[in-house]
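Student: I would like to learn how to read the features of a protein model, one step at a time. Could we go through them together?

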Amino acid sequence: MVTRALPGSRFRVRRLTAAAIAVATAVAGMAIGAVSAVPAAAATSNCTAAYTVTSSWQGGFQVALTVTNNGPAVSSWAVAFRFPSGQTVENGWNGAFSQNGPDVSVVNESYNGALATGASISLGFIGLAGNTNNPPAYFTMNGYACNGAAQVPSVQITTPAPDTTVAPGASLAFAAAASEPTASIAKVEFLENSLLPGASATPTVLATDTAAPYTFTWPAVPAGYYNVTAEAFDSAGVSASSFPIQVSAVSASSTAPQLHVSGSKLADKSGKTVLLHGVDRSGAETNCVQGYGIWTGPVDQPSVTVMKEWGINAVRIPLNEACWNSESYVNAAYAGAAYQSAIKSYVNLLNDNGIVAVLDLHWTDGAYSGPGAGCGSAQATCQKPMPDTAEAVPFWTSVAGAFKGDDSVVFDLFNEPYPSQADANNETEGWQCWLNGGTCAGIGYSVAGMQSLVNAVRSSGADNVLMLGGLSWSNDLTQWLGYEPTDPDNNLAVSWHSYNFNACAPQSCWTSQVAPVIAKVPLVAGEIGENDCTGTFINPLMSWLDSQGGSYLAWTWDAWSGACSSGPVLITDYTGDATAFGAAYEAHLTALAAGS
């Protein structure tokens, strides 16, 4: 639906999830307080650190960091600091740089380890930045705080490794290293935060250890995704937290059906026909690019449980290519690795509940102001008539690479194409644009045709089922069979959108235009609905699709204000209380489950 190079060694850095960035930033704030990066008087400290951004550009910056030894002479040194805004070091010099999340450490090279009292070392690096580039506020040299800052403990989790995965209910051992050069460590607490959207932001203490080695075993880890941190308290009562590591407790294999195309039907691994009866879950296509986060409402286990109670076995998730691809105009907290991690977590949650996930490219780049335009912006802030070559092809290459091997994930290549409307309703040229892309009449950007998107997915090695919507906002299937792309895996399905206000709304149109397609290719009505908040349109539509062996997903599982006034909305709240439209859909699914 239309919804409105310098000397030094180079190294890879592990990117942060949105939750990790948020937790790490909060931790840094608690640990370092309001310490200035370059204080006026630093003689009381063993070291002084002067951090200066010497130049910056879109997404990047260069830093000069001078550290002065105010204490006794040393034969080697190690400098450490924590980025507060998700920055990463890409290339450093005059020291060996390493980074774990926001925590950066630099140790001396073989030629510059000796520092006499009053001597300085000049370091530098090139970094990558998000939308903000706040300087670090707490520096140490050889464990001692610089710049007159209060000394805090150093702590890090040493076991397990980041991104460890176990089966739900399994035990997981943890260990942490903690030290403080001016005091003893009194205790270390291990804390967890669930990463599932909608979970409490308040960390839960899992265990406390008062003596080194600081360890504990988490028994029977519940299914889910977690950030685990260690917080060390010294004998003076000062505390600091480690960078969180992510651990997951997920099933070894999805309980959702692994789908493929078998003739004109979708089938599971055993060859049994699978019909999808589900919903669309709007939000991830809009919020990220508008700066509001990633989701609207919860996407957690309780919300999925309610869906299952309705009889839902598929959820379509509209996506935004600019957020997935981390384009420069999207807030870094909601883009790239952060966005991808959120989508993967939700897909995993759905699959673990036996629900098929349908990933849909909904909003794309491309300046368009012709007929049907939702906006004039070249950014991915509204529906466009066709996907753009520049970003849609890398989007699908990346998405396919992330989910290949999980055939309980279906790829809906583009939400609602309407190239013929951009071309004075020229149907033939519209279908040619749909298939081949390139330069299309009425569209001012290079178009990614369906064949190029199929090729992008298959080039990644993914054999997932692909859904392709027709013209006129996926409502026109008249020439779909004639322009069907070539797929080496023969795993293409038709996506059809049907609302009471579409051209192909009468049943006579379904019989003449849609039935011939269903007879040859699996059909998933990726969006069905009506704007009058009743079931008068969808009830006969669902019965007809049932008789034809078609699948369908209702728009939309979102509790938008104004109930149905803002469009077809199934629920009034995320506990599953239905609108009149939603009640009609729920009743139909209930009847199917009962075999009536």
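Tutor: Let us begin with the elements: helices (H or I, at least four residues) and strands (E, at least two) are DSSP runs, numbered from the N terminus. This is a predicted model, in which local features need pLDDT of at least 70, side-chain atom pairs count only at pLDDT 80 or more, and totals for chains, interfaces and linings use all residues. Residues are numbered from 1 along each chain as its sequence is written, and side-chain values use heavy atoms, with hydrogens and water left out.

Student: Where is Ala424 placed, and what is its phi?

Tutor: Ala424 sits in the loop between α7 (419-422) and α8 (427-436), and although Ala424 is not a glycine, its phi is positive, about 55°.

Student: Is Ala424 buried or exposed?

Tutor: Buried means under 20% relative accessible area, exposed over 50%, and partly exposed in between (1.4 Å probe, protein chains only). Ala424 has a relative accessible area of 72%, so Ala424 counts as exposed.

Student: In what order do the strands of the open sheet lie?

Tutor: Strands of a sheet pair through backbone hydrogen bonds, either parallel or antiparallel. Two strands count as paired if DSSP finds at least two bridges between them. Here the open sheet has four strands in the order β1-β2-β7-β4, with antiparallel pairing, and its edge strands, β1 (47-57) and β4 (88-93), each pair on one side only.

Student: How many bridges join β2 to β7?

Tutor: Nine bridges join β2 (residues 60-69) to β7 (residues 120-128), and Ala64 stands opposite Gly124 in β7.
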